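Here's a quick briefing to read alongside the structure.

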Amino acid sequence: MLNMDRPSGALSMRRVLALFIIMAVIFGLFSIRLFKVQIIDGEEYANLAEAGTKTTISISASRGEILDRNQIPLVSNRTSYAVVLDYNYFPHNNLKDQNDCLLLLVNLLLEQEEEWNDTLPLSVSAPYTFLEDRESGVTRLKNYLRMASYATADNCIGQMIELYELEDYSAQEQRYLAGIHYNMSVAGFGQRTPYTFAGDITSETMYRILENSTQFPGVDVSTVPVREYVSGETACHIIGSVGPIYAEEYEALAEKGYSYNDIVGKSGIEAAAESYLRGQDGARVLVKNSSGTVTSEEETIAPTPGQTVILSIDSKLQQTAQNAMDKKIKELRATAIEGKGKDVKSGSVVMLDVTNGGVMVCASWPSYDLSSYTENYNELVSNEDNPLFNRALYGAFACGSTFKPGVALAAITDGKIAPTATIDCTRTYMYYAPSYTPNCMGLHRHLTVVGALEKSCNYYFYDVGRMMGSNLFSYLSLYGFGQRTGVEIGESTGVQQTPESLKAIGGAWVPGDYLQLAIGQRGSYTPIQLAAYTMMIANNGVRYKTHFIHSVRNFDSAADTVIHPEVLATVDWSDAAMQYVKKGMVAVGKSGTASSYFASTGYTIACKTGTAQTGIRNSSDHGTFIAYAPADDPEVAIAVVIERGTSSASTAVAKEVLDAYFANKEMGEPPTDYGVILP
């Protein structure tokens, strides 16, 4: 009988040995791999592991300040507090917990009479409507909610109630929470992107939040710089404002490195100088353990503050101009008779540095207080005097006889009139009789160009306008009429009426229109255009680009980068033209239509008064005035326009501003130069 046990045992041993060898090979391979990971590539894998536990969060930089030409602050920063939501601690996985936390914050801020960020383009209470002037924002909201273009505001609210699970809250709470959620979504609220819930809260509110921190998971209070408009009403139309980034703006700004929580310039210098004023954000790194708990924080990149912007504006002269207009306009409304300024509407003053085109004064009446602009916005918008409208840059008015010096310069240069030749003013101009016989304001008889400017004789300039005809338009273009002067914050082009422009609207230019053109009644010009034109006369034919920004300064340097002047146009007037026209403009102040204001001043000016008809029945005339001074060595050029306020009012305002400018000189002290800090 055969024994089968032995071979079977040998086979088992071989199997065990084979299995052992296989296991040894496998463990050997794992050991080699482990050795490679831990020893050879250990540092690389450690770095990868560490990188996965780090989150980088940006730190907002403070915005640069805005100073006037004498280093007087117009806009600065003050320290305040912001409520910030940190995704890494916030209950981001549960909408019910989120809503309850956010609602607690809302109720606290309502109790403290604080505001939070809400750029949702819907009214804050029912019946819901889309906000005016937010058309692009409404379109973006509908696209975000995937709704049709014809969807109503109620449709949008209903969709957000469902999207954010707001069914169990009151109607007002739903609107609050919908706005917050929408802002958070657009802002990209996430691990690397905190969300600024409220940007400027009081210390009392800050303490309330911190004392109840357990109720507000993921809610932090940060110290932040907040814009402070220390100038109040001074240069309010020039400085402008800042505000949060709207959803419809974010896409374009994100490409420039902005986060949704940033503040951006909305108007004025705040917007025009955004690239200078905006700082560079820093970075903060959070380190988490494997369970997601933050174990440490470190600032890795310090934020860089924005640059300081130094303006050409003289804030003291600016305030003098604003006060002078306010006083004069209120006086006219209270005491003037009908047709003599009782219906005065507004006022503007622009003063330029003739050596470079820097705007020293740019005042518009009425004004408003920048420090309370946000709170009073609705009241300002509804004010019938429209204080938000900048007349100095966007108002366009007939300029009347202030046009005459430029017309005379052109006519003498072209040889149409000789400076010493006379024209006989018989009051009624009969060249186009009987169809057109315009009158002069006086019977001046024989006048040269000097006398015609001194007495502001319309008859003389009717004849000059007829002789110049269409040749005058090339000069008006060089003077800058119908064009922008160059300021950084935007302006109107005004309207230079021409035969072509009239034809385009169905009208027809007739020969008599050249007569009206020569006395400033065939176009609408901005006050800053009048000032630039006056600067050109003062500079013997050189017109600089106007500007508000004089220089910029880095936060860590006292050296300024100066914005150099730019020549926009030159005109080659004859020496005789300049000599006699300037003589006539000096005569206006010494013995002519402005002599009651300037004959006895300690400085000599070259000037021209103007009275411009409005074309409105029973309306008072616009009062206009231009001047440069000192007459023999010009430093400044000024233009004043009082809408329906008479020439006398504009001349009186100009005198107050010029008196203030020369006040230091009268005491033997020159005006302060750039960069000199006043006491």
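Searching the whole structure, a predicted model, turns up 25 aromatic pairs. To count, rings of Phe, Tyr and Trp (its six-membered ring) need centres within 6.5 Å; planes under 30 degrees apart are called stacked, over 60 edge-to-face, and the rest tilted.

Some housekeeping: numbering runs from 1 along each chain as its sequence is written, and side-chain values use heavy atoms, with hydrogens and water left out. As this is a predicted model, local features need pLDDT of at least 70 and side-chain atom pairs count only at pLDDT 80 or more, while totals for chains, interfaces and linings use all residues.

**Aromatic contacts**

- Tyr87 and Phe189 make an edge-to-face pair, at 5.5 Å centre to centre with 80° between the planes.
- That pair links distant parts of the chain, 102 residues apart: Tyr87 sits in the loop between strand S3 (73-85) and H3, and Phe189 in the loop between helix H6 (171-187) and strand S4 (195-201). Helices (H or I, at least four residues) and strands (E, at least two) are DSSP runs, numbered from the N terminus.
- Tyr87 is partly exposed at 23% relative accessible area, whereas Phe189 is buried at 16%. Here buried means under 20% relative accessible area, exposed means over 50%, and partly exposed is in between (1.4 Å probe, protein chains only).
- One aromatic cluster is made up of Phe403, Tyr475, Tyr479, Phe481, Tyr525, Tyr533 and Trp573.

**Salt bridges**

- The count is 20 salt bridges, each being a side-chain nitrogen of Lys or Arg within 4 Å of a carboxyl oxygen of Asp or Glu.
- Lys96 bridges to Asp100, with the closest N and O atoms 2.6 Å apart. These two residues are four apart in helix H3 (residues 95-111), which means about one helical turn separates them. Lys96 is partly exposed at 44%, and Asp100 is partly exposed at 29%.
- Glu249 pairs up with Lys266, again as a salt bridge, and their closest N and O atoms are 2.6 Å apart. Glu249 belongs to helix H9 (residues 247-254) and Lys266 to the loop between strand S7 (263-265) and helix H10 (268-272), so this bridge ties together parts that are 17 residues apart in sequence. Glu249 is partly exposed, with a relative accessible area of 26%, and Lys266 is partly exposed at 29%.
- Arg445 and Asp424 form another salt bridge, with 3.3 Å between the closest N and O atoms. Arg445 is in strand S14 (residues 445-447) and Asp424 in strand S13 (residues 423-425), so the contact ties together parts that are 21 residues apart in sequence. Both ends are partly exposed: Arg445 at 40% and Asp424 at 25%.

**Cysteines**

- Cys425 is buried, at 1% relative accessible area.
- For Cys607, the closest cysteine sulfur is in Cys399 at 15 Å, also too far for a bond. Cys607 is buried too, at 0%.

**The second largest pocket**

- The second largest pocket holds about 690 Å³ of space. On a 1 Å grid over the protein atoms alone, a pocket is an open set of points with protein on both sides within 12 Å along at least five of seven lines, whereas a cavity is a set where a 1.4 Å probe fits but cannot get out. Grid points are joined across faces, edges and corners, and the volume is the space filled by probe spheres set on the points.
- Its lining has 29 residues, with Ser401, Met441, Gly610, Thr611 and Asp621 nearest the centre; a lining residue has an atom within 4 Å of a point.
- Helix H17 (458-468), helix H23 (595-598), strand S21 (606-612) and helix H24 (646-666) are the elements giving two or more residues to that lining. H24 gives the most, with four residues.
- By class, the lining has five nonpolar, 20 polar and four charged residues. Ala, Val, Leu, Ile, Met, Phe, Trp, Tyr, Cys and Pro count as nonpolar, Asp, Glu, Lys and Arg as charged, and the others, Gly among them, as polar.

Technical notes
Disulfide = S-S within 2.5 Å.
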